[in-house]
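Here are some notes to read alongside the model.

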Protein chains: 2
Amino acid sequence: METNRKVIIVGGVAGGASCAARLRRLDEGAAIVLLERGPYVSFANCGLPYYVGGVIPDEDDLLMVSPDLFRRRFNIDVRVLHEATAIDRRRRELVVRDGATGGEYREGYDALVLAPGAAPLRPPLPGIDLPGIFSLRTIPDSREIREWIAARRARKAVVVGGSYIGLEMTENLVRRGLAVTVVDVLPQVMAPLDGEMAEPVMRCLEENRVDLHLGDGVTGFEADARGGLVVRTAGGASLTADIVILAIGVKPEVALARAAGLEIGELGGIRVDESMRTSDPAIWAVGDAVEVRHAVTGRWCLMPLAGPANRQGRVAADAICGRNARFRGVQGTAVCGIFGMTVAMTGASEKVLKQHGVRDYEVVYLHPYQHASYYPGAKRMHIKLIFSRPEGRILGAQATGEGGVDKRIDVIAMALQKNGTVFDLEECELCYAPQFGSAKDPVNLAGMVAANVLRGDMPAAGWSGLASTDALLIDVREPFEFAADHLDGAVNIPLGDLRDRLAELPRDRELLVYCAIGERSYTAVRILVQHGFRAGTLSGGYVTYCGFNP
Amino acid sequence: METNRKVIIVGGVAGGASCAARLRRLDEGAAIVLLERGPYVSFANCGLPYYVGGVIPDEDDLLMVSPDLFRRRFNIDVRVLHEATAIDRRRRELVVRDGATGGEYREGYDALVLAPGAAPLRPPLPGIDLPGIFSLRTIPDSREIREWIAARRARKAVVVGGSYIGLEMTENLVRRGLAVTVVDVLPQVMAPLDGEMAEPVMRCLEENRVDLHLGDGVTGFEADARGGLVVRTAGGASLTADIVILAIGVKPEVALARAAGLEIGELGGIRVDESMRTSDPAIWAVGDAVEVRHAVTGRWCLMPLAGPANRQGRVAADAICGRNARFRGVQGTAVCGIFGMTVAMTGASEKVLKQHGVRDYEVVYLHPYQHASYYPGAKRMHIKLIFSRPEGRILGAQATGEGGVDKRIDVIAMALQKNGTVFDLEECELCYAPQFGSAKDPVNLAGMVAANVLRGDMPAAGWSGLASTDALLIDVREPFEFAADHLDGAVNIPLGDLRDRLAELPRDRELLVYCAIGERSYTAVRILVQHGFRAGTLSGGYVTYCGFNP
């Protein structure tokens, strides 16, 4: 099995480090060089916000595998502070700059793996380079942020960008005692989620005294007289801050690949085939720098996630060693914890489907408890399930809540991976004891509700059509619930009275039924439909209408 | 859609109540009678131990749906304290005793659903009927246990049977301040688990000052002079107690079905087809009283679980209404929480496979952290994955740990349901942020380790063969780890030194390599195999050998 192949890997974090270790396990005879521009390999970049917040107290905790361990255990030639500056594809040589000496040298390869990652976006706005404006990518970045906060006794922060890293940084800055304003050009936080699913996240942020400044873009930064910063927005706002965090996304690092003439995709990532091979058969690329196929939409996308990067590193190593390996694409499974709330998703969002012109799908909402309601501490979670019509294939799921959210998304992610349908969710068999779940787990319920729609047992109407509907709205909650709040024009007929009051209802008009969460309205619709009425439900009930406000 | 069919359901808890509600949703015109022998329908039987322990403070919390709500919302004729005493199959009539009046009457049916559940086993041992010996099935049972403990100021309990209910009762009795001894005829607790997986559970019980008296059967009970009880065992032990809980399992309630001549299976449960129909085409049966097909082994089994009971109730309702419905069998997914530890499993255990003569399977152990090790609070879980050889089809998984255990078993349960393989687990895409998981989630790792075995990359040896092996044992941990403890006869060559010390190793002898958890030994075996040695690993490392003692 021994070979004498020489493999150079550019980038020593997730995908690069995984690739290096896997290569060694497969090929004891290869010469493996791992180049890393920064001072560390294999560090925990997903932990950086928590290091800023002091949850992870020690910088050393972020170092997962040391260069020395790579050398000793894996016989890998690790060179930190070495940057690849050019690829000589014809000669199969890499030009490397030694950061310590400033000197350049050439290193030949049989196979080259590019794992350069993605760089935080820093748009060329006025003042963007002022001191106190930080991005977060590396350990030194996070160290500088900590030092700046300490040295300036920072009290106020503006976080530009309200997605995963922005919100994780927000939580950690609040943890350090800073007052935080989140600015985002979108009218919602957590951009990968559909807008309505972000509502409870925004409410949670506000409950934790985070100011939200949404639907407004940053136009520039200025230094103020106190030595602080002013963030200016298109909407005319001036937000003062002692520190600004830029978290508006990342951009694949493709300078090296582009200069070498490798194919770059339309989204700006390195283009690779299923074995992670670039347009040059001797060069592979993995991680945040590449474009990948989305498992649901089949489209190219950029998906900077650690899990897929690791898998890609392994696939590239397998391919280099002549094994039959294939990257199956990304699902976009992701999770974020914010002030005790969990936000998670897998698959395609509704907005992504719309963007790609997909129309043959259905959506249901539900608000089940994370475990048996009779066991103390049960809290509602909010789930949106998206599935194809008429097959019921799972296309995506999003959920928020306080506990058990990541579990349900993970189960649905596995079902999606296996081309599962909502009918599979309906009959899945999951752990049940009262502190862990329910006899009908939230995943079962999601499947049941969706299957009811597909089987025609529960015609569902979207909330978006509510403004323009001619239907008669029927609120089947109890009178005390109706009295507290209800939809304009709705008639209150509690479910228990419905059979006795059918004569009051028009047979020539559509009936749209709702309750609190969609459970009673389902039974009501079943009654109405069987008695010959045209009836449907508003999915997920009044809780959905109110932005998942229980 | 309206019919005039009359359906009687015998038993109003999980399967029966689900069946009734589903029937009504499908058939507004049916007459539905729900008979329940006890005083309550649809109560939370899985919550009973927690009501005994006071975690669920109020008895009313256990009542999920009242008879009145069944009547008002579902137009179901609920009759509590009504017991079916005979089935007149020829006339399609049920004989019912009204517990309140003592009178009997006949009720005709078009379709009959039997959901009588299972009764706690009470073997005819001397003294079994003494006061203070309780089983736990109903709300009155749990109320009596609470009252007995309070009235007798009970200090010591013996729990006979160390499986789910026995251990949940143990935890809750300890919570109430009782000293508990668990007696089981098996040498392990939690009988559905393979023995080695129960080791950490037993350790956890002992750490919580529960006495374990295992591998010894109870032979009888006596009253002692103080008004307490003495539990006698075959091994000669006499255990004193103020209260005894019998939790040695349950037996399907088939008296009614048997007397009516319905087919009973070899395991003593009512025999049904895939639509839950009994040998009488007008009679269905669901829940703990029926035998079901095991989804992995294909064998009939008894599996008293709430989730499958609910699904069966729905299937029976669908079938009665002429829908094409099929119960896909049970996987045996189950979970138990004990003193902060979670124990969960899905699919077949190794002992069940052996019992059925299955031999073409492999087993791996792993001990991953439940989330990123660099994030505070990371604890190891212990996973056993069983899969077919050579296909890698998932046959079963068992896990214990402090957090995230139910999540991983649920994900594997979904993969198993979809006929997934270990290769699917290897490349599944799950939620990752450092407080929720790892870039290589425990499920990924389980898949990778298993796939390594199947691909021949990591020949694995079972620990059971250790006593008889001629192989040279190599411990690749660091010297300080080796010094603390190691296998007899093992040679210590730290992984980092292995390449330089290959000359010390024999080429004519098998090498069995281990480390702490199997990670370093995997790399070591890759090195050795590629250098021409015959080498394998001991799966899961020294932690596995030591009963998952980290």
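1. Domains. This is a predicted model. Chain A splits into four stretches of interest: domain 1 (6–118 + 251–320), domain 2 (133–248), domain 3 (340–454) and domain 4 (460–545). Note that domain 1 is written as two segments, 6–118 and 251–320. Domain 2 covers 133–248.

2. Domain 1 against domain 2. In chain A, the C-alpha centres of these two domains are 30 Å apart. Their contact draws 13 residues from domain 1 of chain A and 15 residues from domain 2 of chain A. What classes of residue does domain 1 of chain A bring to the side that touches domain 2 of chain A? There are 8 nonpolar, 4 polar and 1 charged residues on that side.

3. The core. The largest nonpolar core holds 378 residues. Which members touch the most others? They are V113(A) and V113(B). Leaving out residues up to four places away in sequence, V113(A) touches V7(A), I9(A), V10(A), G16(A), C19(A), W284(A), V286(A) and A316(A).

4. An exposed glycine. Look next at G102(A). This residue sits in the loop between β5 (93–98) and β6 (104–108) of chain A. Is G102(A) buried or exposed? It counts as exposed, because G102(A) has 7 C-beta neighbours inside 10 Å, and a residue with 12 or fewer is classed that way.

5. Symmetry of the two chains. Chain B can be laid on chain A by a turn of 180 degrees, with a shift of 0.0 Å along the axis and an RMSD of 0.0 Å. The two copies are therefore related as by a two-fold rotation axis. Both copies use the same surface: 100% of the contact residues of chain B recur in chain A.

6. The interface. How many residues of chain B are in contact with chain A? The count is 67 residues of chain B, in contact with 67 residues of chain A. On the chain B side, the elements giving two or more residues are α1 (14–26), α3 (67–74), α8 (306–320), β21 (334–338), α10 (405–417), α14 (495–498) and α15 (519–530). The largest share comes from α10(B), with 9 residues. By class, the side of chain B that touches chain A has 35 nonpolar, 14 polar and 18 charged residues.

How values were computed
Residues are numbered from 1 along each chain as its sequence is written. Chains are lettered from A and ligands numbered from 1 in the order in which they are written. This is a predicted model: local features need pLDDT of at least 70, side-chain atom pairs count only at pLDDT 80 or more; totals for chains, interfaces and linings use all residues. Domain bounds come from an automatic or database domain assignment. Two residues are in contact if their C-beta atoms, placed from the backbone, lie within 7 Å. Ala, Val, Leu, Ile, Met, Phe, Trp, Tyr, Cys and Pro count as nonpolar, Asp, Glu, Lys and Arg as charged, and the others, Gly among them, as polar. A nonpolar core is a set of buried Ala, Val, Leu, Ile, Met, Phe, Trp, Tyr and Cys residues joined through C-beta atoms within 7 Å. A residue is buried if 20 or more other C-beta atoms lie within 10 Å of its own, exposed if 12 or fewer, and partly exposed in between; C-beta atoms are placed from the backbone. Copies are superposed by least squares on the C-alpha atoms of residues with pLDDT of at least 70 in both. Helices (H or I, at least four residues) and strands (E, at least two) are DSSP runs, numbered from the N terminus.
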